[in-house]
Amino acid sequence: MNIPEAIKTTLRFRQVPMTPHQIAYFICFNRLLKATAGFEAMVQSVEEAVYQNPGYFNMTDDLVHMSNWRKDEQQIVEHVFSTVQRAIGLFRELGQRKDCCNNVVLALLLYKRLSDIERSQQLGAPIVPYLWKFDRVTNDTMLSELAARVYEVMDYIERTDDRLANTFLFGKEELNHMNEPCKLGKLQEVMRLLATLQLDEEHVPTPLFQAIFSQLFWNNVKFTSKGIAGEVELT
């Protein structure tokens with residue numbers, strides 16, 4: 001039995017949402033896993049497993065729940081999350097802070113979603129002009145102009161719909177720092193990776209995308225909060 005299976009067993013047995021500490025205690029006390037490195041290590045392993053398996057688990061108010069996705073939805077969730085994690089990992093190769101990487105990847109993911117929705121599928125979202133579609137910008141923009149072009153599109157989307165005002169604020173801030181060839185090259189690599197996703201309404205219905213993006217957003221908020229708390233403790 002691995003960590004995710006042990007978490008599933010715990011939640012199914014208890015039949016109530018639990019904190020990672022409670023789950024770790026249950027796993028250790030009942031020896032669901034043959035080898036453990038101690039309680040604190042188990043807590044960390046549980047948190048990582050929950051974060052890495054969004055198709056099976058989600059966390060609300062620090063409580064772990066079993067996700068209720070259908071099998072086809074579960075596959076979409078896992079694919080989007082794994083692609084996002086790979087994209088964050090590519091930016092991390094530049095030595096960037098993880099929260100900065102998260103911010104720009106989430107901004108790019110939303111740009112990709114708004115860009116993929118066809119005119120006939122528009123559900124009150126702004127229409128991204130054809131020349132500014134995510135895939136076209138990724139493939140046709142000169143590397144030296146890529147960050148500036150993406151910034152321009154995000155700024156346009158924000159100004160087109162008041163509901164999206166400042167939506168790309170943190171992503172645009174990171175784009176402002178991508179002037180060096182190595183950073184621009186990594187941006188292009190990340191955008192090519194995200195371009196492999198199909199995020200139109202037919203492949204990812206709005207309620208599903210909203211749930212995916214919301215979970216990614218709150219994962220980022222939690223990570224940033226923990227980082228700030230750690231910095232405060234060190235000062």
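Begin by selecting R163, which counts as exposed because its relative accessibility is 61% (exposed means over 50% relative accessible area, buried under 20%, and partly exposed in between, with a 1.4 Å probe and protein chains only). Next, select D155, E158, R159 and K172 together, which salt bridges with shared partners join into one network.

This is a predicted model, in which local features need pLDDT of at least 70 and side-chain atom pairs count only at pLDDT 80 or more, while totals for chains, interfaces and linings use all residues. Residues are numbered from 1 along each chain as its sequence is written, and side-chain values use heavy atoms, with hydrogens and water left out.

Now move to E201 and R113, whose salt bridge has its closest N and O atoms 2.9 Å apart. E201 sits in the loop between α9 (181-194) and α10 (206-234) and R113 in helix α5 (residues 98-116), so the pair ties together parts that are 88 residues apart in sequence; helices here are DSSP runs of H or I with at least four residues, numbered from the N terminus. Both residues, E201 and R113, are buried.

Finally, select E73 and R70, whose side chains meet in a salt bridge at 3.3 Å, N to O. E73 is buried, with a relative accessible area of 17%. The structure holds 14 salt bridges.

Key. Salt bridge = Lys/Arg side-chain N within 4 Å of Asp/Glu carboxyl O. Helix = DSSP H or I, 4+ residues; strand = E, 2+ residues; numbered from the N terminus.
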